[in-house]
Each structure stands twice: as C-alpha cells, then as structure tokens.
Amino acid sequence: MMVARLETGKIRFKGIKRSGFRDCSNGWYTAAVDHVSRKGILRGYSDNRFCPNRGMTRAEFASMLCRLTPASRSTSHPFKDSYGHWASRSIGRAYNSGWISGYSDGKFHPNRRVTRAEAVAMLNRAVGRNTKATSFREAQNMEKMDSFIDVRPDHWAYFDILDAANHHQVKKKSDKRAVDEWLKVF
C-alpha cells in the first residue's frame, strides 16, 4: 500500500477484487497490489502466490526499491551476510544509491522482516524525501500535522514517519538529497 500510494499519489484503491495472484483476491490490499505488480515493481513467488499476510524481508524490499526508481549500477556492498544471497545485487544497488544501511553489527540481515519504520525510511530515501527538524520552519497549518504517541522525537525514524503520515507540500529543490522545506500541511 505504501508503494502504491507513493507511486500514484492516491490514498485509496478501489474497484479490483480479483488479483493475478492466487492468494491475493478480495483483500483490502488487492487493488494496490494489482496496480504495483502490473507496473513490475512488486513480484510474487514462482507458484503464483503473493503471500499478502507475510511481512516482506529486507532483501525483498531492497529489490523492490530497485524496480521502483532508478538505482545505482554498482552492486558492491559491505554486508558479508548478504554475499551470495539471491538479492545481493539489488542490496548493492540500493546501498550505493544511499537508500539502505546495515545494522550496528555491520550486517544487513537480508532475511529479517523489514519493519514499518525501516520501510518508510528506505522509501523516503529512494524517492528523495528528506524531512528533518529544520523542515518545518516556514510550514503553514502545522496544527493539522499527525503525530503518534508511540513514536517520540528521539526515535531514529521519527521524521521519516512524520513525512510519510502527513499530506504536505514541500518547496521544490534542485538536489534530491537536500533537506525538504515544508510549505504547508493539508
């Protein structure tokens, strides 16, 4: 759903009840999965299953990011636990694009389930969203901004989560990695 919303700008997906995957019809996610899979961004498994109720792994997420937006051609990476992994090349491309990082142990943990916070942070980096504390200096309608009582400002993904949870307008920037300047919260 996050990828479908980012890719289309739509909040809701309706209309499609049947999916091309044998386990993905009649779900709240069916239309979004159908849209993103038809674009080639998401792929199912070789037995025509999508497994919509199973979390994605970090490797699957890195691979999907490389299909979502243009990535680096370099496939090298420092994660010894990902050498020889089926997604090693995508992990390298996403790493060299600046979208992913490893853990403090120096590993990527490709088979670990991606958390929502990790997913939001990686997606934001891949599409050039870069919200920081300084992003709100000139923003209008800040009283409309959604926040969460269980995500405090010292959480590592706090600003990524605010960015993803709020419909907002940012000032156009010439460098994709520059910090976003929010103009208005809707």
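Aspartate 180 is buried, with a relative accessibility of 4%, where buried denotes under 20% relative accessible area, exposed over 50% and partly exposed the range in between (1.4 Å probe, protein chains only). The model is a predicted one, in which local features need pLDDT of at least 70 and side-chain atom pairs count only at pLDDT 80 or more, whereas totals for chains, interfaces and linings use all residues. Residues are numbered from 1 along each chain as its sequence is written, and side-chain values use heavy atoms, with hydrogens and water left out.

Aspartate 180 belongs to the loop that joins strand 1 (168-170) to strand 2 (182-185); helices (H or I, at least four residues) and strands (E, at least two) are DSSP runs numbered from the N terminus. When neighbours within four places in sequence are set aside, the contacts of aspartate 180 are Gly128, Arg129, Asn130, Thr131, Ser135, Asp163, Val170 and Lys173, a contact being heavy atoms within 4.5 Å.

Asp163 is also one of the buried residues of helix 6 (residues 158-165), which are Tyr158, Asp160, Ile161, Leu162 and Asp163. The cover over these buried residues of helix 6 includes helix 5 (116-127), strand 1 and strand 2. In the loop between helix 5 and helix 6 lies asparagine 141, a residue other than glycine with a positive phi, near 65°. Asparagine 141 is partly exposed, its relative accessible area being 23%.

A positive phi, near 60°, is likewise found for cysteine 51, again a residue other than glycine. Cysteine 51 is located in the loop between helix 2 (30-38) and helix 3 (58-68) and is buried, with a relative accessible area of 15%. The loop between helix 2 and helix 3 also holds glycine 40, which is partly exposed at a relative accessible area of 29%. Between the C-alpha atoms of glycine 40 and aspartate 160, 120 residues apart along the chain, the separation is 25 Å.

The cysteines were examined for disulfide pairing. A disulfide is a covalent bond between the sulfur atoms of two cysteines. Under the criterion of a pair of cysteine sulfur atoms within 2.5 Å, the structure contains 0 disulfides. For cysteine 24, the closest cysteine sulfur is that of cysteine 51, and because the two sulfurs are 9.4 Å apart, they are too far for a bond. Cysteine 24 is buried, with a relative accessible area of 0%, and cysteine 66 is counted as buried at 10% relative accessibility.

In helix 4 (residues 88-96), the buried residues are Ser88, Ser90, Ile91, Gly92 and Ala94, and they pack against helix 3. Just after helix 4, glycine 98 adopts a positive phi of about 85°.
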